[in-house]
Amino acid sequence: RGGGGGDRRRGRDFSPNRGPPSQRRRFNEPDRDGLGDLRHHGYKIPRGHPPPPTDEEKNQRPNHIALLLICIDDIPYEHIWKEWCETLSGKGDCYISLLCHAKFPKQVKSEWLRQRLLVYPPKSGRGNSYMDPEFLSRQPEWGSIEITRAMLDLLSAGLKIGNDKETDMRFSSDRFLVMGDGPPPQVDQFLFISETCLPVASAPEFFEVMDNTVSWVNARHRKDPGTPKNAYENEQFGLINRRIPGQYRWKADQWVLLCRRHASQIMGIDRPHIPHKYHLWQSYRDINASDEMYIPTTLALLGYLRFTSEGEDTQRLRGISGDDKGRGDDTGNEAATPSNTFEFVKKRPVTYTDWTEGARNPATFASGLTDFQKVSKLAREKGCLVARKFAPFVVVPGVAPTDANVTGQISVEEWKAEIEVLRAKYRETVIGGKRWVPPPPRVPTEQHEDEKEAGEEEGQKTPAAGPTKSEAKPEDNDDDEEENQL
């Protein structure tokens, strides 16, 4: 038809020995890792194990941290967080930003906090001006999906810092900056906190132990020995949408520390063309406390959470290279093990919480400095940077907060004094897998040259009977198990 097309099969070789099939990727390749359904729906999920960070990323020190605050209205310890930011004064290359999602933003009275509330994108008003800002609030209830949405809103706004071209300070991301000189750079670390959180370490100590390529997520898999086996846990793990396979479901504390790489990939898993009703958080609508499940499960889907505390691989059919081939195939690919994976996520808490009083709600500390001294020591011993749950008074049913006996207030002077005590006592405590030690005193130049010359003369007199002390490999006497955990 239309000029004689002929038989398109003419000239093809239909013999049984045509050689090996083409090695190029096919659209209908088998679903080895169980994530084909999610990829089919448009979610951005990589194949195989994520690539390791580059040397440039490893050597770059974080210089900007964003505090992502979730609260009801005003925060009772605002004065302490302000002073915590001031402990970073004098370091021009470090920045601190604060982003706040309030359940009732119109009830926030503090101008310092009100300036940093989330708002909707600007809308054009009369002429060339914008309309007044409209506060963004999901108004979450306990355990509702709106808490997860608030966390994602905070992450989305935090990722725009340093890339925002908006000049109106009512909407610009520069309004979130608390400490730092000049325009803020991109955020390196995102720390979730609540209105009941207090820092147990100074801001310089925060920057000392943070890593641009590592997140702190106190995650556990259902196969971990410490995971409770009860109806509440069964509901959390079991009622997630079936599109997410069971081996990828993890649980963690809500208060996590995320590096920029992980935060951007968590937000990028929903491609721009996916309708709002199909976003990944919709898969958690039927469970309680989805905020404890969304971030660790998403990190598992991205390949960053994989091994249990006992080293069991929960993603056996997911390879460590750029494909889906892993343990159990006949291709010769090496299966993933804890020893050949990179430490992308530290499975440890960044915020200390006392759960001894019950599994539903943590213990509340309302005795002011007395409780802070006790809890801060426990937090530093566990390597945490923040502690909760502090309150200025105990909530009594039927008694208005204004009539309650306020016993939990902590002054700035009391907090600073206790932080100095903690710094002196735990100056060599392992925090975040690193041993914090103050820098050694500088040696004068003349004394250094004399020692160098004396060492050279001694080296000339000593015969070369083997490797010198400087050439010998030092022994690693650090028995910290946290450095070897995934």
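# Reading burial, pairing and charge in a predicted model

Author: D132 is exposed, with a relative accessible area of 64%. The structure is a predicted model, and every value below is computed from it.

Reader: How do I read a figure such as that one, and which partner does D132 have in a salt bridge?

Author: A residue counts as exposed over 50% relative accessible area and as buried under 20%, with partly exposed in between. D132 is exposed because its figure is 64%. Its salt-bridge partner is R170, with the closest N and O atoms 3.5 Å apart. D132 sits in the loop between α4 (111-114) and α5 (145-159), while R170 sits in the loop between α5 and β3 (177-179), so the pair ties together parts that are 38 residues apart in sequence.

Reader: Is R170 buried, partly exposed or exposed?

Author: R170 is partly exposed, because its relative accessibility is 31%. R170 also meets the side chain of D168 in a salt bridge, at 2.9 Å from N to O.

Reader: How many salt bridges does the structure hold?

Author: The structure holds 19 salt bridges. Another of these is formed by E205 and R380, whose closest N and O atoms are 3.0 Å apart. This pair links distant parts of the chain: E205 belongs to helix α6 (residues 203-209) and R380 to helix α10, 175 residues apart.

Reader: Are E205 and R380 buried or exposed, and which residues are linked with them in a network?

Author: Both E205 and R380 are buried. A network of salt bridges links E205, R380, E420 and R423.

Reader: What should I look for when a charged residue is buried but has no salt bridge, as with R260?

Author: A salt bridge needs the side-chain nitrogen and the carboxyl oxygen within 4 Å. For R260, the nearest side chain of opposite charge is D188, 6.4 Å away. The side chain of R260 does reach the backbone oxygen of L159, at 3.1 Å.

Reader: Where is R260 in the fold, and what is it in contact with?

Author: R260 is in helix α8. Neighbours within four places in sequence aside, R260 is in contact with L159, N163, Q186, V187, D188 and F190.

Reader: How do I read a residue in a loop, for instance D354?

Author: Take its place, its burial and its contacts in turn. D354 is in the loop between β11 (351-352) and α10 (369-381). D354 counts as buried because its relative accessible area is 15%. The side chain of D354 makes a polar contact with the side chain of T356, at 2.8 Å. Not counting residues up to four places away in sequence, D354 touches P362, A363, F365 and R388. From D354 to A379 there are 25 residues in sequence and 9.8 Å in space, C-alpha to C-alpha.

Reader: Where is R285, and is it buried, partly exposed or exposed?

Author: R285 is in the loop between α8 (260-268) and α9 (294-301). R285 counts as partly exposed because its relative accessibility is 44%. A polar contact of 2.6 Å joins its side chain to that of Q282. R285 and L239 are 46 residues apart in sequence, with their C-alpha atoms 8.8 Å apart in space.

Reader: How is β1 covered, and what unit does it make with α3 and β2?

Author: In β1 (residues 64-71), eight of the eight residues are buried. H64, A66, L68 and I70 lie on one side, and I65, L67, L69 and C71 on the other. With helix α3 (residues 78-86) and β2, β1 makes a right-handed β-α-β unit.

Reader: What are the totals for the protein?

Author: There are twelve helices and 14 strands. Of the 486 residues, 44% count as buried. Among contacts with a separation of 6 or more, 77% are between residues 24 or more positions apart.

Terms used
Residues are numbered from 1 along each chain as its sequence is written. This is a predicted model: local features need pLDDT of at least 70, side-chain atom pairs count only at pLDDT 80 or more; totals for chains, interfaces and linings use all residues. Side-chain values use heavy atoms; hydrogens and water are left out. Helices (H or I, at least four residues) and strands (E, at least two) are DSSP runs, numbered from the N terminus. Buried means under 20% relative accessible area, exposed over 50%, partly exposed in between (1.4 Å probe, protein chains only). A polar contact is a pair of N or O atoms within 3.5 Å; within protein, one must be able to donate a hydrogen and the other to accept it, and residues adjacent in sequence count only if both atoms are side-chain atoms. Lys and Arg count as positive and Asp and Glu as negative; His and the chain ends are not counted. Contact means heavy atoms within 4.5 Å. A crossover is right-handed if, with the strands pointing away from the viewer, the path from the first strand over the helix to the second runs clockwise.
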